[in-house]
Amino acid sequence: MKLLLLTEKASAAKNFAKALGGLSGSFNHDSYQIVHAHGHLLQFKEPHEMVTQDKATKYSDWHDLSNYPWDLLDFTWEKEVIPGMQKTLTNIKHAAQKCDAIVIATDDDPSGEGDLLGWEIVNAINWHKQVFRIRFADETKANIKKALQQKVDVTNQYQQGEFLEATGRERFDFASMQLSRIALIIARQAGFQPKTLRLGRLKSTIVNQVYQQETARQNYVKKSYYEVRFRDANQNTFTQVKNAKFMTPDQAKLELLNFYNSAIIVDDKIAKHQAPPDLLDLSHLAILVGKKGYASKEVLATYQKMYEAGILSYPRTEDTKITQEQFAELLPLVKQIAQVTHIDPKLLTHTTLRRKFLAKNATHGANRPGLNVPRSLTEIEQKFGNCGRAIYEAVAKSFLAILAEDYLYDQERAHLADYPKFTCTINLPRKLNYKLIFDENTLNDTHAKQVLPFGPIAQPFVYEGHNPKPKAPTHRFIIDFLKKDKIGTGATQEQTLANISTGKGALIKNTKEKYSLTFPGLVQSILCDQTYIASPQVTEQLQNTMRMVKLGKFDYRNVPFLINQIVKHDLLIEQKNAGNLKKNPQLAKLQPANKHAFMPKTKVTGTWRGKTVAINQTWGKHTFNERELRQLFAGKSITFVLNKRTITGKLAKQTYRGHQFVGFKADFN
């Protein structure tokens, strides 16, 4: 059998050729030829191009709120080749003509995106022969060969859960563009001029969370309270469970007169240990590297290049553990990795894989160093920049930490001799072990204070406390929020953060590790307050439904229709919220000057050539009167004067930026 191996990108094709001995040849009694895509080669057509001609006008006019929600039964869900990708698709089709079967060898993403990417190419070239799917942990020689030996027949794509899940999600996300258009119309009708808004499952949830935290912090009112506490010379603080709290410092100072210095009595000292933390996933890696000033977009792009070079493992994995086989692959390379990252190899004495990190089955395994170990961090820096160096250091040290012994510490509990209800518990390090390699506290937004042993005496003092200020929307805060509600994979979280925090249409920006809203982000947040699309609960429900598709428990064709209820609900909410835009003083400060501000044009509906159409009531600065409108819908020409110039014209079908519409067309001949 002659196989056509369809890889996702040129770098993957190169790695396959290296593993198999060339771009063409034979393997395991089959001959093969390797071809590659450039990521997705196809995309959905515009909405008006996926409906019958009589409905094209409705779907090409997105400025009319009465057109929403769309009737998705109207859609054919046809795709077209992305501009610039036709040659690649033609080359794949030509190569396939000489083959007996296609092997989809695209990335094995948790979301099924690789399956969708492969199948849309297979369908686009009208392939009707056998199709196989292979899944590989990474693009090493051993794993590529192993994957080919275990190829699975998936000729019936409608029985492949990964493909169906990705297809349903893709259609839902496409249909959700309605929400972005609706919000933009409502914002502009309210007098605000964002160039674009971007609503979506994960985008809206993140932006809304930044908005909620910023609002909570702006509305925060500090409320102090005072109480008596004790403190020794090493700043260890003693408190009691039911401590008396006072509203003024004077009241607390009166209470302080009832206390005096007391000796400290240590109750017990317990030796404890703590295993190394979980291996880094992509989102927590981005947090660490982000602390050095690198944005999510740069981290993702750099990591991908390092993966393609074999320096790091597959990035878009949801695995948090590794298999015994994956551990055994890296074990002989540990000393090299330690030398590169300047870690003392004497710390790496735990050479068996702890149960905590062991996975019986893992598609890709957790993020870790690749089998291609660089000679030095300088070499990485030369090839992948400072960001690459920071990424490798973090990933390598996270992995090396699981080879170190547990962190050992003594937990001491003590009370005051004269006031036994005042107690304190401290953890005193004995042997740092894995923390000398990788300390998980570096992920936190605040740094832990150094703990010293109990002193002999504690002194009373008045402690001022207050209600906690809401946390700032930092990178860590956003990721923890998403993970708590199980929203998105680590890779998807970072990709979305990168998408909405870069470019002219950015919804949020990152300054000193904190996210804040841009002008369009604040407009979107105010409009989307209390909407379904910004709700983490609704987003989680949508994700669960899409997972059900993969398991064969929900029809992928019904996934897009979930948007209908969201659109109906959110449109009304956004119209109510529009009044809050002018009430927000920050918006006026953020709104950029726009000399050519767009305002939606009033539409007039009538019958033209036997079909109902909606046209703009204005052309330039001229507004059509009732007589002119009757003539236009009757197919007749009209004449009017505009800017001392006589204009003659009539209705005609026209196209603007790929959108078809019916409108007034002047005759300038």
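This report describes the overall make-up of a predicted model and then a set of its local features.

**Overall make-up**

The chain contains 21 helices and 23 strands. Its C-alpha trace spans about 100 × 80 × 45 Å along the principal axes. Of its 669 residues, 52% count as buried. Among the contacts with a separation of 6 or more, 76% are made by residues 24 or more positions apart. The accessible surface of the chain is about 33,400 Å², and carbon and sulfur atoms account for 50% of that area. There are 93 positive and 65 negative side chains, and the centres of these two sets lie 5 Å apart.

**Aromatic pairs and charges over rings**

A search of the whole structure gives 28 aromatic pairs. One of them joins Tyr59 and Trp70, whose ring centres are 5.9 Å apart and whose planes meet at 70 degrees; planes over 60 degrees apart count as edge-to-face, so this pair is edge-to-face. Tyr59 belongs to helix H2 (residues 56-60), while Trp70 is in the loop between H2 and strand S5 (79-81), so the pair ties together parts 11 residues apart in sequence. Both Tyr59 and Trp70 are buried. Another edge-to-face pair is formed by Tyr307 and Tyr314, with 5.5 Å between the centres and 85 degrees between the planes. Tyr307 is buried at a relative accessible area of 4%, and Tyr314 is buried at 1%.

Tyr59 and Trp70 are also members of one aromatic cluster, together with Phe44, Tyr68, Phe75, Trp77 and Phe174. Elsewhere, Lys151 lies over the face of Phe132, 5.3 Å from the ring centre. The charged end of Lys435 sits over the ring of Tyr407, at 5.0 Å from the centre of that ring.

**Backbone geometry**

Most residues other than glycine have a negative phi, and most peptide bonds are trans. The peptide bond from Tyr68 to Pro69, however, is cis, with omega near -5 degrees. Pro69 is placed in the loop between H2 and S5, and Tyr68 is a member of the aromatic cluster.

Lys512 has a positive phi, near 50 degrees, and is not a glycine. This residue lies in the loop between strand S15 (508-511) and strand S16 (514-517). Gln530 also has a positive phi, near 75 degrees, and is in the loop between helix H17 (519-527) and helix H18 (536-550). Lys512 counts as exposed, at 77% relative accessibility, and Gln530 counts as exposed at 61%.

**Buried and exposed positions**

Relative accessibility is listed below for some of the residues discussed in this report.

| Residue | Relative accessibility | Class |
|---|---|---|
| Ser283 | 0% | buried |
| Tyr314 | 1% | buried |
| Tyr307 | 4% | buried |
| Leu254 | 58% | exposed |
| Gln530 | 61% | exposed |
| Lys512 | 77% | exposed |

Ser283 lies in helix H10 (residues 282-290). Leaving aside residues up to four places away in sequence, Ser283 touches His475, Ile479, Lys483, Gly490, Gln493 and Glu494. Ser283 is buried because its relative accessibility, 0%, falls under the 20% cut-off.

Leu254 is part of helix H9 (residues 249-256). With a relative accessible area of 58%, Leu254 is over the 50% cut-off and therefore exposed. Leu254 and Asp319 are 65 residues apart in sequence, and their C-alpha atoms are 58 Å apart in space.

Technical notes:
Residues are numbered from 1 along each chain as its sequence is written. Side-chain values use heavy atoms; hydrogens and water are left out. Helices (H or I, at least four residues) and strands (E, at least two) are DSSP runs, numbered from the N terminus. Buried means under 20% relative accessible area, exposed over 50%, partly exposed in between (1.4 Å probe, protein chains only). Contact means heavy atoms within 4.5 Å. Accessible areas come from the Shrake-Rupley method with a 1.4 Å probe; for residues, only the protein chains shown count as cover. Lys and Arg count as positive and Asp and Glu as negative; His and the chain ends are not counted. The place of a charge is taken as NZ of Lys, CZ of Arg, CG of Asp or CD of Glu. Rings of Phe, Tyr and Trp (its six-membered ring) pair if their centres lie within 6.5 Å; planes under 30 degrees apart count as stacked, over 60 as edge-to-face and the rest as tilted. A charge sits over a ring if NZ of Lys or CZ of Arg is within 6 Å of the ring centre and within 35 degrees of the ring normal.
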